[in-house]
Amino acid sequence: MKKFLAGCTLLLLSPATMVFSQQGKLISFELKDQFGREFSHEDFSGYVLVLVGSDKGGSTYNPLWAGAIHDSLTSHDQFDALRFIGVSDLRGVPFFLKGFVRSKFPKAKERWVLMDWKGIFPKAYQFEENHCNLLIFKRDGTLAYQTSVQDLVPDKMRVILTKLRSLLQADDPS
């Protein structure tokens, strides 16, 4: 029994567990979008945050989900407390193709996407390849919900919208 308890204690203190517990918060980051504008975790402090991220294979699902979530919540009285971040997992792109890849992203400034050349988000939150990875953070940066999706599924959308509405109401500063 003592060996079992000692093993459990070591497991709880192992580095893998520490990495997992760090994923419970929005990671510290400084990344540029395709226009060269720099963003950091501090830019989103105090907001309910929807992070939409993927590799190239999952990128076709990102606008579908982000648009549906956005459009479903625009009439919410706390909509201004909601922010979206697009993150592109570009860690496999060779350095000499970075400019070419960057040129393939949207040209409209309001459709900015963080260019994650080192894969800090996919590594920290175990993004699923060829999927849209959705992460929802509370205003204090705590991870409240995470899923990976492809085609729009009404049941999954209901879960996401219920979670976001709840966070927007619960975190209402007024």
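Predicted model: local features only at pLDDT ≥ 70, side-chain atom pairs only at ≥ 80, totals over all residues.

Residues are numbered from 1 along each chain as its sequence is written, and side-chain values use heavy atoms, with hydrogens and water left out.

Me: Over how many bridges do strands β3 and β4 pair?
Reply: Strands here are DSSP runs of E with at least two residues, helices are runs of H or I with at least four, and both are numbered from the N terminus. Two strands pair if DSSP finds at least two bridges between them. Strand β3 (residues 48-54) pairs with β4 in the parallel sense, and the number of bridges is seven.

Me: Which residue in β5 stands opposite valine 87?
Reply: Strand β4 is joined in parallel to strand β5 (residues 114-116) by three bridges. Opposite valine 87 stands leucine 114.

Me: Why is the pair of phenylalanine 29 and phenylalanine 121 edge-to-face?
Reply: Rings of Phe, Tyr and Trp (its six-membered ring) pair if their centres lie within 6.5 Å, and planes under 30 degrees apart count as stacked, over 60 as edge-to-face and the rest as tilted. The centres of phenylalanine 29 and phenylalanine 121 are 5.1 Å apart, and the pair is edge-to-face because the planes stand at 65°.

Me: Are phenylalanine 121 and tyrosine 125 buried or exposed?
Reply: Buried means under 20% relative accessible area, exposed over 50%, and partly exposed in between (1.4 Å probe, protein chains only). Phenylalanine 121 and tyrosine 125 are both buried.
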